[in-house]
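Trainee: Before we look at the model together, could you take me through the terms used for it and how each value is set against its definition?

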Amino acid sequence: MHERALHIISMDNPFPPDFGGVIDVFFKIRALHRIGYRIYLHTFAEEIPASCPQLEAITEKVFYYRFSGNPLWLLSTKPFSVMTRNDASLHRNLAGIPAPILFEGLKTTYLVNAGRLDGFTKILRLHNIEQDYFKGISRTETSLLKKFAFWMEAVKFRAYERVIRSFDHTLALSLFEEKYIQRKFGNASYVPVFHGNEAVADLSGTGKFALYHGDLNTADNREAVRFLINAFKEIPDVRLVIASGSGEGFVRRIIRGQSNAAFIALKDFSHLKSLMAEAHINVCWSFQQSGTKLKVINALFNGRFCIINDNITDDPNVSDLCITANDKKQLIDAVNLLKDKTYDDFQRRQAMMKSCLDDGANALLIDKILRNQ
């Protein structure tokens, strides 16, 4: 394929790809690189590395920018997470290389809002309906200070999202978000999440436990853990494993005295994949709607049965491969239905994942959108 240049502005450092947003960014860069794109990556980061061979191998150049730590941005009418991603050198680096720009999330769009990128083809990868996302975090957060801060961010994003009118096209992560953007601003397409999995694990038979995994620094995941542990008290013959790289003390306090629940400290993604392959059931649960959660994609590529609730995905191709439950009783019924069942869905799952969740095919979809601008 003929090489084309593309700027990508990432809201966080995409390496290592160890949480939802940057997983999509990293594997999107890799997929676009494989079809011939010369990527100029601009990324905000807490710490700027001396080098990153993993990113340098799939990009033309990586530009790093530090987050602005100015507390006065809290008083701005613009979202704090937008104002902290404002660096004067970003505009100079973009202007020096004529190429379309892909913005990863509204948090990266300060320059667009300021009207400083007129003349560039601008594509937005929408990672969330941000006001809904921050409203959801505010609702589940227990700290009153954080609850108020997240609520204020939601209020600011509700007004700020008008900036979407300045983009030539928006790439949505869910069908709901595609319809929302199309109705309000037009020019939206659903492009599924990039995930990095290349083959569905050929598993059969039965596994050993039910598995939930997630970052327990987030309020939504902590609420999901509380809910699941409480539900599994009523399924004493099925072991529930909570796997995370954080929140060990939080989980151990809740499961104290519950013999069928355990915590495993995650080491890395390979460790997670091995746990998903050992599990009989992967449970993916969320109290917040925000696109297709990566945890269900990873579970479908690397595990057996999968139970989800409606907030995990609105893509019927994904949900059709799972059992959906939306309350405690439905979850318990689903676990009881599956606990003695032999898994034999590999062929159907492999065909479905190849048809709708192939990173290479979705990179070609973005390429088509860029060529039509």
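Mentor: The second largest pocket has a volume of about 160 Å³, and among its 13 lining residues Phe 305, Leu 321, Lys 341, Asp 345 and Arg 348 are the closest to its centre. This is a predicted model, in which local features need pLDDT of at least 70 and side-chain atom pairs count only at pLDDT 80 or more, while totals for chains, interfaces and linings use all residues. Residues are numbered from 1 along each chain as its sequence is written, and side-chain values use heavy atoms, with hydrogens and water left out.

Trainee: What makes a set of grid points a pocket?

Mentor: On a 1 Å grid over the protein atoms alone, a pocket is an open set with protein on both sides within 12 Å along at least five of seven lines, and lining residues have an atom within 4 Å of a point. The volume is the space filled by probe spheres set on the points, which are joined across faces, edges and corners.

Trainee: Which residue classes make up the lining of the second largest pocket?

Mentor: The lining holds 7 nonpolar, no polar and 6 charged residues, where charged stands for Asp, Glu, Lys and Arg, nonpolar for Ala, Val, Leu, Ile, Met, Phe, Trp, Tyr, Cys and Pro, and polar for the others, Gly among them.

Trainee: Why does the radius of gyration agree with a compact globule?

Mentor: The rule, 2.2 Å times the number of residues to the power 0.38, taken over C-alpha atoms, gives a value near 21 Å for 373 residues, and the chain has 21 Å, so the two agree.

Trainee: How many of the residues count as buried?

Mentor: Of the 373 residues, 56% count as buried, that is, under 20% relative accessible area with a 1.4 Å probe and protein chains only.

Key
1 Å grid on protein atoms, 1.4 Å probe; cavity = no way out; pocket = protein on both sides within 12 Å on 5 of 7 lines; lining within 4 Å. Buried < 20%, exposed > 50% of the residue type's maximum accessible area, 1.4 Å probe, protein only.
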